[in-house]
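Visitor: I have a new model open on my screen. Could you walk me through how to read it, feature by feature?

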Amino acid sequence: MDALTLARWQFAVTTVYHFFFVPLTLGLVWAVAILQTAWVVTGKPTYLRLTKFWGKLFLINFAMGVVTGIVQEFQFGMNWSEYSRFVGDVFGAPLAIEALLAFFLESTFLGVWIFGWDRLPKKVHLATIWLVALGSNLSAIWILIANSFMQQPVGYVLRNGRAEMDSFLALITNPHVFVQFPHVVTGGMATAAFFMLGISAWHLRKQRDPVNVEDFRRSFRFGAVYALVATVAVMLVGHTQAQYMMRVQPMKMAAAEALWETENPAPMSLFTWGNEPERRDVFAVKVPGLLSFLAYNDFTGEVRGIKQLQAEYEQRFGPGEYAPPVKWTYWTFRGMVGAGMVMLLLAAAAVVGVLRERFEQSRWLLAALVPAIALPYIANSTGWIFTEIGRQPWIVFGLQKTADAVSPNVLPSEVLLSLVVFTLLYGALMGACVYLLRKYARAGTVAADPHGSPTLEPYAARV
Amino acid sequence: MAFDLNSLWFVLVAVLFIGFFVLEGFDFGVGILLPFLGKTDEERRRIINTIGPVWDGNEVWILTAGGAIFAAFPHWYATLFSGFYLALLLMLAAMIVRGVAFEFRSKDKHPAWRATWDWLIFAGSAVPALLWGVALGNLLKGVPINGQMQFVGGFFDLLNPYTLVAGLASLTAFITHGAIFLHLKSTDVICVRAMKAIKTVGPIATAAVFLFVAATYAWTDAFGQLGVNPGLVPLLAIGAMLAAGAFVHRNLLGWAFTMTSVAIACATITIFMALYPRVMISSLDPNWSLTIYNASSTPYTLKVMSLVALVFVPIVLLYQGWTYWVFRHRITPSTTLEY
């Protein structure tokens with residue numbers, strides 16, 4: 001394999017892996033902050049136990065997000081040096097600002113939060129977790145400003161053989177940021193909500209220790225509402241984003257639907273088995289007019305197909321292949337949307353259960369919610385694979401192709417080595433992380449008691 | 001040469017490196033000393049907890065330095081990171097296991113689990129402590145960079161007597177710096193052992209810094225007309241190491257810590273002064289060196305970034321300073337241990 005293919009695999013592996021941890025951080029930090037606020041306001045010990053319990057899981061996850069994020073910041077220069085030279089004048093700024101505004105804030109105050117329980121006045125200590133929440137979400141804004149530039153470049157001029165910034169304001173008010181950031185943040189909230197629901201459901205099934213059960217009833221109610229609000233929100237903003245993408249990255253959306261020909265009204269594919277080289281369907285089930293409706297809120301309206309877009313791009317950018325791999329975009333898009341649909345049903349069922357005070361008796365719901373923890377992870381990963389693969393062959397849409405972005409001086413053997421090192425290292429760390437999350441999740445809130453040791457023994461051993 | 005925005009960003013990158021070395025330097029040192037100064041599990045936990053609240057914030061200094069280089073000098077970022085590929089891979093692997101180790105280590109009681117993470121903390125601290133010296137030494141010593149700003153050497157081009165001396169200096173200086181920090185932040189047996197470490201490694205570090213300065217005179221163009229002659233700064237680095245030794249002798253460890261900080265800062269300043277206005281020296285042709293002009297972003301980007309930095313760097317310094325104030329107390333056997 002050549003250095004380009006290996007570098008792409010490395011970016012895929014390290015980025016998808018990094019994004020296993022980020023959404024939970026983004027969403028769970030609000031939950032921890034809210035629970036701690038509830039404790040400071042009401043003084044009820046249940047909220048302290050819950051803060052400690054979810055806080056511990058938050059910390060285990062956070063550490064993984066931080067260390068895998070370091071790779072992200074260095075990797076552009078290591079594997080994508082031509083990209084870095086070409087867009088550094090624009091792209092470097094949000095990355096540097098992310099470190100200065102967000103990384104310092106979250107890392108510094110997280111340290112204070114972990115170690116400050118006995119050293120700070122209650123309210124000052126509470127403020128630190130809110131600052132961590134602010135820091136993590138600020139970090140998301142700045143990295144998405146950077147990513148949005150790759151999807152929809154703005155605020156630049158082509159000069160001296162590179163993209164040079166000519167409006168910082170345009171860069172940070174890129175309309176793409178306003179559809180992408182809400183989608184990522186609400187996706188993170190949904191991830192955290194299902195994480196909370198799944199673990200709470202597991203404890204409610206076990207029914208150990210009345211205090212523990214009462215705490216998880218509370219968590220369940222919180223998680224159910226959080227899940228429904230976040231899932232509805234992530235779908236609504238996702239829909240807005242898709243409509244927006246129809247305009248700015250029509251090829252990505254055509255590939256997401258395996259829409260070979262321009263159609264009006266355009267049908268929505270439920271299932272397509274296609275012949276990608278020949279750009280035709282082999283077998284397909286479609287709903288007439290639905291794609292037009294999703295795109296324009298109207299059952300008529302032209303949606304451009306891959307073939308027409310290919311011809312348009314050839315005229316604009318010269319000869320070349322401008323369609324992304326359709327199988328990948330089509331199925332990852334369906335993975336994301338499909339997982340979202342199931343999440344919506346489960347979240348709605350959980351909220352109904354809460355409203356009727358019947359969730360604890362609903363064995364199927366509790367049983368379903370445990371594996372449902374995986375659903376947002378599927379949606380997050382497929383969503384990002386979709387959006388990044390869907391942009392191909394471009395690394396920066398319309399400006400630079402991925403093939404031209406790779407470091408020319410790094411040998412394939414070096415990239416292979418780093419790919420293997422990261423994959424093995426990440427695999428081993430994932431094992432350790434899942435082991436700890438499982439152990440602390442099962443231990444329950446009573447074991448996470450503030451006076452207990454942080455090296456708690458599994459709950460069962462204590463009773 | 002006028003002091004322009006390019007120069008301002010060069011200074012800012014230097015400041016970020018100094019901040020990183022002075023702060024993360026001591027937590028590297030503590031990490032390296034961990035398996036040797038902590039005999040029991042409880043002792044090791046106390047050692048880790050001395051840097052527990054601050055190590056992550058310290059590490060952000062290098063992430064910000066990386067980001068600043070990317071934003072202000074994209075070609076520097078591209079050439080350095082793609083050129084030092086394997087060295088950076090090692091460094092990244094070290095930083096990854098180290099960060100996770102701090103958080104995971106005490107969350108399970110199994111002795112093998114804890115021992116594994118302890119050694120990962122050691123390796124994850126020792127490797128970057130050595131490699132950062134090697135890396136900075138290479139910037140000044142010069143590496144094979146061609147006319148297209150591409151690094152054309154390999155991993156072993158980065159290892160030569162000068163850069164290894166620089167690495168030895170950073171490694172030993174950080175260990176000493178960390179041992180003094182540990183002495184200031186601990187009590188009882190750990191405090192005593194930290195003093196022993198200071199007295200063992202301190203003289204080696206002083207010699208290494210002396211060697212580094214001498215090697216910089218002998219093997220680089222630092223004192224030629226190309227960069228800014230660092231003048232007394234390198235001598236200050238040696239002087240500060242000697243002063244640190246004197247303060248240790250009089251049991252004034254706070255002052256000793258200040259002196260090792262000064263020494264680390266002065267050694268870093270020496271390299272950056274000798275570089276200026278270059279950022280990476282080409283060993284193939286001086287005209288192919290990367291400078292703060294041919295590697296830089298546009299004046300517009302530099303202006304935007306300057307405004308951001310001038311507003312936020314002081315804020316960061318304030319709140320990070322505050323955390324050091326909050327956690328100024330020593331870790332005693334009765335302190336609640338979080339890590």
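**Reading the two chains**

Guide: Chain A has 15 helices and 6 strands, where helices (H or I, at least four residues) and strands (E, at least two) are DSSP runs numbered from the N terminus. This is a predicted model, in which local features need pLDDT of at least 70, side-chain atom pairs count only at pLDDT 80 or more, and totals for chains, interfaces and linings use all residues. Residues are numbered from 1 along each chain as its sequence is written, while chains are lettered from A and ligands numbered from 1 in the order in which they are written.

Visitor: How does the radius of gyration of chain A relate to the globule rule?

Guide: The radius of gyration is taken over C-alpha atoms, and the globule rule is 2.2 Å times the number of residues to the power 0.38. For the 463 residues of chain A the rule gives 23 Å and the model has 24 Å, so chain A is as compact as a globular protein of that length. Its C-alpha trace spans about 70 × 50 × 40 Å along the principal axes.

Visitor: And what share of chain A is buried?

Guide: A residue is buried if 20 or more other C-beta atoms lie within 10 Å of its own, exposed if 12 or fewer, and partly exposed in between, with C-beta atoms placed from the backbone. In chain A, 54% of the 463 residues are buried.

Visitor: Which elements does chain B have, and in what order?

Guide: Chain B has 11 helices and 2 strands. Its order from the N terminus is α-α-α-α-α-α-α-α-α-α-β-β-α. The radius of gyration of chain B is 20 Å, which agrees with the value near 20 Å for a compact globule of 339 residues. Of those 339 residues, 60% count as buried.

Visitor: How do I read a nonpolar core, and how many residues are in the largest one?

Guide: A nonpolar core is a set of buried Ala, Val, Leu, Ile, Met, Phe, Trp, Tyr and Cys residues joined through C-beta atoms within 7 Å. The largest one here has 287 residues, and those with the most contacts inside it are A:Ala227, B:Val209, B:Ala237 and B:Ala263. Helix α3 (residues 81-115) of chain A gives the largest share of this core, 22 residues.

Visitor: What is B:Val209 in contact with?

Guide: Two residues are in contact if their C-beta atoms, placed from the backbone, lie within 7 Å. Beyond its neighbours within four places in sequence, B:Val209 has contacts that include B:Ala169, B:Ile238, B:Met241 and B:Ala267.

Visitor: How many residues does each chain bring to the contact between them?

Guide: Chain B brings 57 residues and chain A brings 56 residues. On the side of chain B that touches chain A, the elements giving two or more residues are α3 (55-72), α4 (74-83), α5 (85-104) and α11 (299-326) of chain B. That side divides into 34 nonpolar, 17 polar and 6 charged residues; Ala, Val, Leu, Ile, Met, Phe, Trp, Tyr, Cys and Pro count as nonpolar, Asp, Glu, Lys and Arg as charged, and the others, Gly among them, as polar.

Visitor: Where should I look for backbone details?

Guide: A cis peptide bond joins A:Asn264 and A:Pro265, with omega about -5 degrees. The bond from A:Gln392 to A:Pro393 is cis too, with omega near 10 degrees. A:Asp209, although not a glycine, has a positive phi of about 55 degrees, and A:Asp209 counts as partly exposed, with 17 C-beta neighbours inside 10 Å.
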